[in-house]
Amino acid sequence: MSLALVQSRALLGLAAPAVTVEVHLSNGLPGFTLVGLAEVEVKEARERVRAALDNAGLAFPHNQRITVNLAPADLPKDSGRFDLPIALGILAASGQIEAQRLAGWEFAGELSLSGQLRPVRGALATALALARSGDQPRLVLPPGSAEEAALVPDARIYRAQHLLDVVGQFLPSGADGAPASLPASADGWQRLQSAPAQAAAQGPDLADVKGQAAARRALEIAAAGGHGLLLVGPPGSGKSMLAQRFAGLLPPMSVAQALEAAAVASLAGRFDAVQWRQRPTASPHHSASAVALVGGGSPPRPGEISLAHHGVLFLDEFPEFARNALEALREPLETGSITIARAAQRAEFPARFQLIAAMNPCPCGFAGSRQRACRCSPEQVARYQGKLSGPLLDRIDLHVEVPALPADELLAAGPGEASASVRARVLAAHERALARQGKANQALAGQEIDQQAGLDEATRQFLQTAAARLAWSARSTHRALKVARTIADLAGSQSISLAHVAEAMQYRRVLRGG
């Protein structure tokens with residue numbers, strides 16, 4: 001009888017709890033038993049591992065009883081990431097590699113039937129969780145997974161293309177002290193250096209948008225302060241064009257922000273190195289369910305709001321989304337995270353996104369239009385706008401109308417201001433906020449709002465009177481103050497003036513909601 005232990009990691013949100021793969025070989029009726037709350041794809045590892053060892057020229061103990069335990073037993077395990085550690089555990093228990101030399105190493109990888117290693121999702125999330133925990137094991141990953149994990153600074157990542165590449169590093173020494181030889185050879189073992197890639201180029205330019213001075217100003221304020229934005233206007237007025245160019249106005253991502261956003265994308269199997277340090281933009285269709293939007297499933301997977309972490313969530317045709325899906329946005333908009341609880345487990349995903357929503361003012365789309373008459377009744381308009389609840393609209397800082405441009409103005413207008421110029425002002429305002437309070441204005445809360453506002457008596461009285469007449473909630477008043485703080489930063493002002501508050505007030509509640 002023999003026992004071998006191999007270390008790996010499971011995935012639970014952005015956490016990566018340790019999993020010990022225990023392999024026990026004993027005499028008795030031949031069999032291969034796998035226990036430890038494993039999902040179907042993990043249990044299928046028995047056949048993949050058996051075929052991979054045979055086809056790689058390694059000895060599979062067909063005549064012994066094999067028991068594999070994935071500990072801890074109460075932690076759910078999914079995906080094919082445990083194929084490689086299970087194979088190494090069998091080889092160590094059967095004496096084909098040195099079990100003692102596996103200490104200090106962790107492994108993850110799916111095996112093909114030939115022994116080739118295939119990528120697994122969540123590699124970057126695993127490496128980031130290890131770095132945050134202070135653990136520094138050497139992590140062996142397949143091609144594709146190893147490169148993304150190597151983006152984490154100071155991570156010790158090794159890439160292996162084939163099972164034999166890994167086995168060759170842990171062979172027992174022969175009688176003369178030299179390593180034993182492999183039954184086959186593959187040259188694919190490499191230590192990867194942690195070298196974050198360069199920032200990717202941004203998307204389309206704001207210069208493509210003609211006119212729409214008010215909407216462009218609102219976009220600039222939203223980008224500088226991290227505020228949410230609702231665009232309301234008739235079809236073809238440029239709402240989607242504006243939203244698609246918003247990410248290009250945002251300040252550059254820090255390495256820490258880029259790693260968090262990339263880790264979430266890695267969990268969903270959607271990481272692309274080409275988009276490294278580029279603000280993600282998620283644009284789900286309005287038929288998306290609440291689970292698709294905020295995350296869910298078993299095991300829990302990140303939704304669109306988490307895939308937009310440190311980026312933009314663009315919801316076009318805003319009222320057409322299911323009511324329960326929209327209402328599920330309320331807590332993440334406040335907290336910047338989402339906790340998904342299930343009977344067996346719970347997972348927390350980051351969700352600090354900027355919401356950009358676009359909608360028509362009525363079912364036909366032309367309420368208030370100067371070019372075309374609206375055919376909707378007042379009741380239809382109220383019912384349509386009532387699809388959006390008051391509490392949800394209250395959480396969106398900026399509401400702006402985007403009117404359609406007449407044809408003569410559209411054709412005569414020249415290119416708008418380029419994204420680069422707007423981005424420079426946004427970055428300057430963002431840096432002022434960080435230098436003053438260490439966070440974006442949208443993230444201010446409680447006493448911080450009063451401390452950073454610094455209103456004089458006339459401005460305070462003006463805001464107080466307006467809030468009372470407009471029946472604003474405390475949240476609306478505070479959000480108007482935070483927008484005014486951003487407007488002051490864009491102007492390079494240390495204090496908020498009455499003009500800044502007046503401009504901020506015009507962006508509150510174009511719609512009443514229901």
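**Close-up views of a predicted model**

**View 1. Lys210 and its surroundings.** The side chain of K210 comes to 3.4 Å from the backbone oxygen of A413. The model shown here and in the views below is predicted. K210 sits in the loop that runs between β10 (190-192) and α7 (213-225). Leaving aside residues up to four places away in sequence, K210 touches L405, L410, A413 and G414. With a relative accessibility of 29%, K210 counts as partly exposed. From K210 to K43 the C-alpha to C-alpha distance is 58 Å, and the two residues are 167 residues apart in sequence.

**View 2. The salt bridge between R245 and D208.** R245 and D208 form a salt bridge in which the closest N and O atoms are 3.1 Å apart. R245 belongs to the loop between α8 (239-244) and α9 (255-267), and D208 to the loop between β10 and α7, so the pair ties together parts that are 37 residues apart in sequence. The loop between β10 and α7 also holds K210 of the previous view. R245 has a relative accessible area of 8% and is buried, whereas D208, at 42%, counts as partly exposed.

**View 3. The salt bridge between D78 and R301.** The structure holds 24 salt bridges, and one of them joins D78 to R301, with the closest N and O atoms 3.6 Å apart. D78 lies in the loop between β4 (65-71) and α3 (83-93), while R301 is in strand β14 (residues 301-302), so this pair ties together parts that are 223 residues apart in sequence. Is D78 buried or exposed? D78 is buried because its relative accessible area is 7%, under the 20% cut-off. R301, at 34% relative accessibility, counts as partly exposed.

**View 4. E334, R395 and a network of salt bridges.** A salt bridge of 3.5 Å, N to O, joins the side chains of E334 and R395. This pair links distant parts of the chain, 61 residues apart: E334 is in helix α13 (residues 330-335), and R395 is in the loop between α15 (390-394) and β19. Which residues belong to the network built from salt bridges that share partners? E334, D394, R395, D397, R475 and R479 are joined into one network. Within the pair, E334 counts as partly exposed at 38% relative accessibility, and R395 counts as buried at 13%.

**View 5. S476 in helix α20.** S476 is part of helix α20 (residues 474-490). Its relative accessibility is 1%, so S476 counts as buried. Not counting residues up to four places away in sequence, S476 touches D394 and R508.

**View 6. An open sheet of five strands.** The five strands follow the order β12-β15-β18-β11-β19, and their pairing is parallel. Which strands form the edges of this sheet? The edge strands are β12 (281-282) and β19 (398-401), each of which pairs on one side only. Inside the order, β18 stands next to β11. Strand β11 (residues 229-232) pairs with strand β18 (residues 354-359) in the parallel sense, over four bridges. In this pairing, L230 is opposite A357 in β18. Strands of a sheet pair through backbone hydrogen bonds.

Technical notes: Residues numbered from 1 in each chain as written. Predicted model: local features only at pLDDT ≥ 70, side-chain atom pairs only at ≥ 80, totals over all residues. Heavy atoms only, no water. Pairing = 2+ DSSP bridges. Helix = DSSP H or I, 4+ residues; strand = E, 2+ residues; numbered from the N terminus. Buried < 20%, exposed > 50% of the residue type's maximum accessible area, 1.4 Å probe, protein only. Contact = heavy atoms within 4.5 Å. Polar contact = N/O pair within 3.5 Å; in protein donor to acceptor, adjacent residues only side chain to side chain. Salt bridge = Lys/Arg side-chain N within 4 Å of Asp/Glu carboxyl O.
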